[in-house]
Amino acid sequence: MDAVTDQGPSMVESGVERVSDGVHTQPGLPAGRSYELTVVCAGAGEAWLFFTPSRTAPGKAVPCDRSVVFERFTTGKSVRIDVRGDARATGMIAWRINTV
């Protein structure tokens with residue numbers, strides 16, 4: 001997350017999880033607003049980002065090489081965000097949701 005250091009007033013929710021546990025959150029965000037999810041995985045292997053309800057893409061890769069992955073989304077009635085490591089993935093996942 002060093003690449004995006006300003007958490008400022010736009011930060012809504014964040015966390016750090018083990019890759020083996022993954023990220024599973026259903027934030028209570030107001031419908032119709034835009035947000036940006038930032039995810040970084042440090043370790044080995046690869047994780048995958050999923051939104052429910054699903055979008056047109058089946059998922060987005062999050063390499064566990066400290067690359068910063070951004071994904072913008074607009075909320076509906078509710079949204080669930082999951083980041084799951086593949087079978088060989090190890091390390092930590094840091095994530096943050098900001099308003100846009």
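**A strand-built protein, seen from V39**

V39 touches V62, S67, V68, V69, I93, A94 and W95, leaving aside residues up to four places away in sequence; a contact here means heavy atoms within 4.5 Å. The residue is found in strand β3. V39 counts as buried because its relative accessible area is 1%, where buried means under 20%, exposed over 50% and partly exposed in between, with a 1.4 Å probe and protein chains only. Between the C-alpha atoms of V39 and G15, which stand 24 residues apart along the chain, the separation is 9.8 Å.

The model is predicted, so local features need pLDDT of at least 70 and side-chain atom pairs count only at pLDDT 80 or more, while totals for chains, interfaces and linings use all residues. Residues are numbered from 1 along each chain as its sequence is written, and side-chain values use heavy atoms, with hydrogens and water left out.

The protein as a whole may now be considered. Its secondary structure comes to 0 helices and 6 strands, and from the N terminus on the elements run β-β-β-β-β-β. Both kinds of element are DSSP runs numbered from the N terminus: helices are H or I with at least four residues, and strands are E with at least two. Of the 100 residues, 33% count as buried. Among contacts between residues at least 6 apart in sequence, 77% join residues at least 24 apart. The accessible surface comes to about 5700 Å², and 50% of this belongs to carbon and sulfur atoms; such areas come from the Shrake-Rupley method with a 1.4 Å probe, and for residues only the protein chains shown count as cover.

The largest nonpolar core has 21 residues, of which L37, F73 and I93 touch the most other members. At least two residues of this core come from each of β3 (34–52), β4 (60–74), β5 (80–85) and β6 (90–99). Strand β3 gives the most, with 7 residues. A nonpolar core is a set of buried Ala, Val, Leu, Ile, Met, Phe, Trp, Tyr and Cys residues joined through side-chain atoms within 4.5 Å.

The structure also holds 2 aromatic pairs. In one of them, F51 and F73 are tilted, at 5.1 Å centre to centre and 50° between the planes. This pair links distant parts of the chain, for F51 lies in strand β3 and F73 in strand β4, 22 residues apart. Rings of Phe, Tyr and Trp (its six-membered ring) pair if their centres lie within 6.5 Å; planes under 30 degrees apart count as stacked, over 60 as edge-to-face and the rest as tilted. Both F51 and F73 are buried, and together with Y35 they form one aromatic cluster.

Charged side chains complete the picture. A search of the whole structure finds 5 salt bridges, each a side-chain nitrogen of Lys or Arg within 4 Å of a carboxyl oxygen of Asp or Glu. R18 pairs with D21, the closest N and O atoms being 3.6 Å apart. R18 is exposed, with a relative accessible area of 52%, whereas D21 is partly exposed at 44%. K60 forms a salt bridge with E71, with the closest N and O atoms 2.9 Å apart. K60 is partly exposed at 31%, but E71 counts as buried at 19%. D82 and R84 meet at 3.8 Å, N to O; D82 is buried, with 3%, and R84 is partly exposed, with 41%. Finally, R80, D82 and R84 are linked in a network of salt bridges.
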